[in-house]
Structure formats: structure tokens, C-alpha cells
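Look through the structure before reading on.

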Amino acid sequence: MNQTYDDISKEMDSRSLKLDIQRHLRYTLAKSQFSTTKWDKFRSVALTALDRLHDRWIDTQEFYYESDSKRVYYISMEFLMGRLLDNMLVNLDILDEVKEALHELGIDYELVREQEFDAGLGNGGLGRLAACFLDSMATLGVPGYGYGIRYDFGIFQQQIKNGFQIEKPDTWLMFGNPWDVVRPKVFYPVNFYGESVPYTDSSGQVRFKWVNTQKVNALAYDSPVPGYNNDIVNHLRLWKASASKAIDLQSFSQGEYINAVRDAQLQENISRVLYPNDKVFVGQELRLKQEYFLVSATLQDIIRRFKKIHNDWTTFPDKVAIQCNDTHPNLAIPELMRVLIDEEGLDWEKSWDITRKAINYTNHTVLPEALEKWPVSLMRNLLPRHLQIIYEINKRFLDTVSVKLDNDVNRARRMSIISEGERASVQMATLGIVGSSKVNGVARLHTELIKKTIFKDFYELYPDKFVNMTNGITPRRWLKQCNPRLSDLISEHIGDKWITDLDELRKLDDKATDPEFRNKFADIKYQNKMDLVRFIEKKFNKTLNPDSIFDIQIKRIHEYKRQVLVALHTAMLYNRIKANPDAPFVPRTVLFGGKAAPGYTMAKLHIKLINSIAEKINNDPDTRDKLSCLFLENYSVSMAERLIPAADLSEQTSTAGMEASGTGNMKFALNGALTIGTLDGANIEIREEVGKENIFIFGLTDEEVDQKRREGYNPWEYYEQIPELKEVIDQINQGFYEPGQPDLFHPITRSLLDDGDYFMVMADFEAYAKQQKEVEKLYSNKDEWMTKAIYNVTRIGKFSSDRTIQDYCEQIWNVGFIDFDAFKKYRSP
């Protein structure tokens, strides 16, 4: 019997997939075997996957409506999604079938997947965490939506020229995004500027109108987010700015066409580019516009969905849970108040009760200078009504707590949403605390630190408001997808339940000392390393020694993350080789990857230093097969998927008390790398899970860092007392690594010595070097190393983002999972 297209597009077998791929090539893309490009082949596979996603997507959304589910709305300025083809096929559970279908067509799947651009709509961990959370919500059956901005240009493309970082525009939309669906009927006006005008309503109540505004439209683009093998498809909705009205033809006839076009382009600039993550927040009008643009469009969409079924505003928090990912979306608080009071006619008390119950705020930093704040003058100009509401929130809040504060004026000043003075500003974190139901940190240490430091005053007043949600990662992408060999080995021994319940990995604990399993595990690690060797040889023209320790540090370049500590140690290892070329040496390959914010001069100089050290080492015949160093240009999610499965050693070297959580540490451990790190962020909890004997911990604790600063820390003492460290610092300072410009790295040596070494690199160097000696000793005993590596895999289950989302559902959102039996019945013909 002949199958119809509708039949084929629903089937998951390789034959149907093959027919669908061929059909899309010819009838959707209008390509023959002679004109088909690599991009066309990728598009046809993506379209074939979308055929199977769309039915599930529609059914999921209809089921949510019919069951009147409470929805979660995750608002984030960043979503670092990476490539999506593998993720879509893995979660549909048809990756092998697609590979088979392509093979029958004479097409290499690896060639197809390499055509996809990384969707780099984030700077680092914040955006990648958001992406993992979306995957987990769909997999668990949480009715959830991501909301962000569809930036034309995401995180910049990094080029390394003469060792320096050069930024180039991101081109992820060069050929369009094959995964998104534009919703031309889903657009909302977003207002800026104007003025807030009082008036008296029919009941004699004084109210306000926001008038004489400038409008920009927010247009919705949706991408499906499938759960793993459960037919659930949630979505990520990204907003694109468009001109609020068509170009005025009258202006054209008057010779003002260029001005009309310019005005339209200025409005559309709101979603043009992702702001880089600078080391210290600096307010800029376009960034504030982006934040309000996201919040306004999202709340209009949330309210539209709520009002489809409900007309009682008191039920809003029972049906809506809004999560603000960092301070950037905290304008949702005054915006929801404005809508409820000005547009819906509710009184202040009822509006405030609804707002505080519906909105929650995630904090991602312990650094006071990184907390977002906006000049009052800027907000008064751009969002006059919102500033008015914020002042009223602040007044009522301070009035309420003044009794509890015993009229402590200094404490009230610290807790004020508005910091007064010559440059008055709105403190966005304080707004988030005052206006939300729950405030969470992202690792246990981080949560304790914010309660003791930056939010101490608030915690003492509202201890129940603060909760911890230790971050997690999705095992679908960060094990099953990126490390299929290890994934298959695990499933061979314990089945595949671990894919949605990572605690299942504990069942493999006794395999860590099983010689047969350990040998298979070691062979997989070696094959992954060989894959990386071939990739780096092809892309960077560098040959690596696969028998060496693959020592990897990949993360945003920042002084507190201390890439410079690893660089100094690498230079010290080089000096040891030069001092005694014939001495025994455990081979090591040191790989760095990451981007520095374009305006972060010191971080960019760190990149140059790493490249200068690498050039010296790699061009010296004495280091052959012993030591190599490489900075990998244009680090991305897809590059991480190659590096992490091949890593032996995971560098997590941040100054204690400064990293909120980190998730790279979790990804490395899950893939069998041992961690060398400080007691910072989630490293503490990882040590508790994997065992202190299976991790290399070094350096000062957060309390010891604080104590040293109070007592008067002198980095020169370490310079004088550690000869090998002194030698490296002197070499850098005297131009050994950059003889053509010997003073180039003086800002680095000055920051480490004369300027007080704020990030404690000198203080932690000796402890770090001693632990690296332990790393070399252990690596020389391959069986023992692999045993510890296996324990890192089997004991890391706590750090699944599925667990994190379950915690959010239970402790913050008060949201349940869907009834899968009912959903299955709903989908049945």
C-alpha cells in the first residue's frame, strides 16, 4: 500500500526518514542531485526532524490548554543553545535511524552536522544554564517556556592574530535559522520615552497614563524544545524588534526617505546584538532598552495566554510562575505592576500581592561591582512610569521595614532600591529581592555567601525568601550526545534509564575496580582523545600527543577565573624541561579556550600571554612529546562537545568565593575527567559527591581569602619565597616571551605584585603546583587514574539539571509534572 506524505512524515524508521529527506531536498528546497549543497543537505535533515516535532509540539500546547496547567516562564537575556541538530535527533530518539538513512543516500552525517552554525545567544554559563533548563523542563514534563531575544549577532567570532584576540561579527543567521518558526500574528507594541500623566478615573481614583511614547514592535520566533523520548515539545520564544509602522511614503516623496529608513533601523537595533559580558557593569541605554523590550513583550504574551482561560487576577500566581534569570529581567516587577494598575484597573495592594507571588529571581554573582544598576536619569527618560512605580515600591518597602530596622538609617540606606547621591541609581538586585517570592543562589556556597555578604540585610529580615538551587547540566547533550562511546558502555551495563535519571550511574560504582570495565573505559577515553587530536590537527594545524595528560581550561576569560594561574604553571613546567631536558617528565598538553569581553583589556592581555607562552613552548625541540600548549580560537558550545569527552584534567581555578557555581566542572566530571580546583562554587559539592580522594583541591578557602585581605596581603612575599614562581614572573616582566615588546606584559606582572594581586594568584600558586605534582604521580598509574575517573562519572548524578528543575518545581514554582498517561491517551488517534 502506498504511503501518503502525512504517513511518512510521522514515521521514525530509516526508510521513511530517507524518503522525507529526499522529498525536502526536491520539493522544499528545489534542489536536484546536481545542485544540492552541504547546507541543503543539513536543511533537509532539519526539516525532516521538524516534521516529526511539529505534531508533538501542537499536541503538547493543546494538552496544556485543555488541562489548564500552571506554566513556567523562564526569562533570560541569554540562551546559549549551540547546535541543535544532534539535540533534536537524540531527544526524538532517531539519531541512528537518520545516520542510516543518510548513509543509504551516500551522505556523511558528520559532514551534515558540521554545516550548522552555533546559536551563540549568550556569553557563557548563564546562557548555557538556561538552555539546559529548557531541555530538562521538556524531559520532565514541566509546562515551560523560554523567553529571550533573537539577536541578529550573537557572541562575537573570535580570531587570534599575532596572539591577540580580534572580534568579528557573529554570522549565525547568515542563511537563516532552520529551527525557528516566525509568528507574524504574535507581535506586541513596546513603548519607550514619553511621560507619565495623572488623571482621575470615574470612581475618583487618581491614576496614571503613559503617553507620547515611541513604539517598537516585538515579533515572535519560536523554536521547538523536545523532551527526551516522551513526545513533549515545549518552546523557546525569541523576540525580534521591528519598526512600529511602515516607512512613510509621504516622507519619501519629500526627499526624506533616507531619514525614514534610518528611523526604522534605529528601532530594529534593539535586537541587533548581544551585549558582551564586561567585567564591571556599565549602564548603556541600548542595553536597558533590550531588557525592557524582552520583559514587556514577554509579559504581554503571558497575560494573553492567561486571559484565554481566566478572568480572575487573583488566580494569576496559581497559573503563572515567572523566573528571572539574573537581574536583567527584573524590570518584570514594575512592568507587571504597571499593567495591573494602569491597564487592568487593580489597586496597588492587590497588584503587589499578585506580582510578588508570581515572580522569582535567580542571583548569579557575589561580586558587588557586578550587580546591575541603572542611572535614575536614564530610567526617567526611557521608562518614566516604571521609575515612578519603583520609587513607590521603595517608599512602601522602607516604610514597612523601618519598624523592624529600629529606624537604623544606615541600614535602610543600604537596603534602598534607589541609591541616592550625586549619581542616583536603581539597584536591580534589590528590586528583585523586594519584588519577588523567592531569591535563589546557584550553589550551596554561593547561596551562603550572598546571605552573609551582599544580601545580608535582606536575609536577616526575610530568611525564608532565600533558597539554594545548585546548578545542573543536561545528560542528554553532555553525555549521550557528545560522548556516544561512553554512553553506549554505560547503557550496556545498566540500561538507558540513566538518561533521564542520572543517579542510576551509581549502579556502576563497583565497576571502577573491575579490570575489564576499566580497560574499556580507558580505551574510550583514548579514542575520544584521538578524535580531538585529529580535529585540532585539521583545524589548527597542531599535532598533539594523545598519551599526554589533556589538561583543559575552557571558560570565559576573566581575572577571577585565573587562566593566568594555569599559564604561569605551564611556563614553570617549560623551565623545568629547559633546566634538565633528560629528566623524567609526565607528558602534558595544556589547552585553553574562551573569549574575553571586547572592552576587558586585562583579560585580552591574558590571552596574548597564553599564546606567547604557547609559541615559545611549541617551537622548542626540547619539549617534543613532553609539553605542548594551545589556545583554541573561537571557543563555542560545539567545540566544548569535542573537548570535554577527551579531557583528563579539568581546570576549575577561580578565586574561592567568586564563582557562583560553574557548570563546566560538572560536564568534565560526567565525562571522566578529574578536577583540579579551589573550594569554590559547585566544586565543594562535587568533592562531597565523588569523594575527596577523587578530586585535586588546592588553595585558600573563601574565609581565608577574606582574612588575608583584612590582614594586609603582600604578594611580594610569595614572589621572594617561591624561586620557580619568581623565575616565571621575571621572564614575563623582562620580555622573555615577547622579546620584540618586552614591556607588553607589565600590566599583568604589576597586577600580580604592585597592585596587590586581588585575585590571590601568587598566594595559591604553590598549592596549585603541589597538586599538579600529585596529578602527574597519579597519571603515571593508569589503572588508579581510570578508577578515579570512573568514580567521577558514577557519582555525579546530583548535578543533572533534571534534579535542579525538580527542586525549582517543588521549592519555588509550585508546579507539577504533566500526567504522561493522560498525555499519551490525548495523542492517541
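## Helix 23 and helix 24

Helix 23 and helix 24 are roughly parallel to each other, because an angle under 35 degrees counts as roughly parallel and theirs is about 20 degrees. The model is a predicted one. Helix 23 covers residues 563-579, helix 24 covers residues 601-618, and their axes lie 10 Å apart. Their crossing is left-handed.

Helix 23 contributes Q563, V564, A567, T570, A571 and Y574 to the contact, and helix 24 contributes H606, L609, I610, I613, K616 and I617. By type, the contact residues of this pair are 8 nonpolar, 3 polar and 1 charged.

## Helix 2 and helix 5

Helix 2 (residues 14-28) packs against helix 5 (residues 95-104) at an angle of about 60 degrees, with the axes 8 Å apart. This angle makes helix 2 oblique to helix 5. The crossing of helix 2 and helix 5 is right-handed.

On helix 2 the contact uses S14, L17, K18 and I21; on helix 5 it uses E97, V98, E100, A101, L102 and E104. These residues divide into 5 nonpolar, 1 polar and 4 charged.

## The largest nonpolar core

The largest nonpolar core holds 274 residues, and those touching the most other members are F192, W239, F293, F316, L568 and W813. Helix 3 (residues 38-67) supplies the largest share of this core, with 11 residues.

Which residues does L568 contact, leaving aside its neighbours within four places in sequence? They are L725, V728, I729, I732, L752, V761 and F765.

Methods: Residues are numbered from 1 along each chain as its sequence is written. This is a predicted model: local features need pLDDT of at least 70, side-chain atom pairs count only at pLDDT 80 or more; totals for chains, interfaces and linings use all residues. Side-chain values use heavy atoms; hydrogens and water are left out. Axes are lines fitted to C-alpha atoms, for helices over the stretch in contact, and angles run from 0 to 180 degrees between N-to-C directions. Helices (H or I, at least four residues) and strands (E, at least two) are DSSP runs, numbered from the N terminus. Angles under 35 degrees count as roughly parallel, over 145 as roughly antiparallel, 65 to 115 as roughly perpendicular and the rest as oblique. A crossing is left-handed if the near helix is turned anticlockwise from the far one by less than a right angle, and right-handed if clockwise. Contact means heavy atoms within 4.5 Å. Ala, Val, Leu, Ile, Met, Phe, Trp, Tyr, Cys and Pro count as nonpolar, Asp, Glu, Lys and Arg as charged, and the others, Gly among them, as polar. A nonpolar core is a set of buried Ala, Val, Leu, Ile, Met, Phe, Trp, Tyr and Cys residues joined through side-chain atoms within 4.5 Å. Buried means under 20% relative accessible area, exposed over 50%, partly exposed in between (1.4 Å probe, protein chains only).
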